[in-house]
Amino acid sequence: MATGYSRRSREPYGRRLRRASLVVSAILGLSFVSAGVAYGSPAAKAAPKHGEAAKAQMQQMQMPEAPADPLDWSLEQVKKASFMESAVYAGSLCRALEAGSAGAEHAERLKAMLGHSDGARGFFVTYLTDPALEKIADAPEGIPSLVGESLKASDISVVAPLAVMNVAMPTATVLTHKEAGDEKSAANSARTARRGKLVLQLLASDATTGPFTRKKLEACLEAANAWPEKEEVDKDWATFLRRWKYDEKQIAAIREVLESAQSQLEMALFTNGRQEFED
């Protein structure tokens, strides 16, 4: 049960997970907040908690100015940036990577972003949601090496739980938008989930980041399988699912996408292991 302190932070893991889920919800909730619809009709009395949290979170955020060139920021600035500063900086850095700038200095700054919690969350704001990032986020051959190596060098105690949430939460949000008749926002959430799944697969299949990431994936899936019963599962993930008031259809969708990710991962690990044996 992941309730202790992480290797790189004195903040309890459960508190970090709850804070991470608030930020992820805010990120993924942007589209339905802007559409004026959370779950069901606008007149509904019982609005979903994660929709309300997303709206409140975004109302409190003030966007700083993005640098025209990501290299205008020093490594120290990137390492010390707040969540909002990191979110803005990620737009500049991701656009540069999309345009073909993939030098050592860009790689250093991306690794610096992913080396602390605010930077990692800020990066995912852009990387998972910006439709213009077709080369670095949607390429048929997968995640580019510069992004992939940076993710694998990240603070995995922060990035692994985020990677799981970045699959589960937009998957549930797809159903929200479809029920509201908002197919465009549903497609946006589906893209976020698809990109998130690629990140999750990358981290979970790596020799270094894989064991910890797979542990988080399994823990969230166990909590989804146990829902709504109070079985002995990771209490942080059980709280995560309860906090956002997911309904039965959403939990089923989360369960299905996590099971799919787990099956694909097991197949990939088996194939890679067989190839290494044959070689």
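Predicted model: local features only at pLDDT ≥ 70, side-chain atom pairs only at ≥ 80, totals over all residues.
Residues are numbered from 1 along each chain as its sequence is written, and side-chain values use heavy atoms, with hydrogens and water left out.

Let's start with the fold. The protein has 14 helices and 0 strands, where helices are DSSP runs of H or I with at least four residues and strands are runs of E with at least two, numbered from the N terminus. Of the 279 residues, 52% are buried, meaning under 20% relative accessible area with a 1.4 Å probe, protein chains only. Take the contacts (heavy atoms within 4.5 Å) between residues at least 6 apart in sequence: 73% of them join residues at least 24 apart.

Now to helix H10 (residues 156-179) and helix H11 (residues 183-205), whose axes come within 8 Å and cross at roughly 155 degrees. Those axes are lines fitted to C-alpha atoms over the stretch in contact, with angles from 0 to 180 degrees between N-to-C directions. That makes H10 roughly antiparallel to H11, a term for angles over 145 degrees. Residues making this contact include Ala163, Val167 and Val174 of H10, and Ala186, Ala193 and Leu200 of H11. By class, the contact residues divide into 13 nonpolar, 8 polar and 3 charged; Ala, Val, Leu, Ile, Met, Phe, Trp, Tyr, Cys and Pro count as nonpolar, Asp, Glu, Lys and Arg as charged, and the others, Gly among them, as polar.

Key:
Buried < 20%, exposed > 50% of the residue type's maximum accessible area, 1.4 Å probe, protein only. Parallel < 35°, antiparallel > 145°, perpendicular 65-115°, else oblique.
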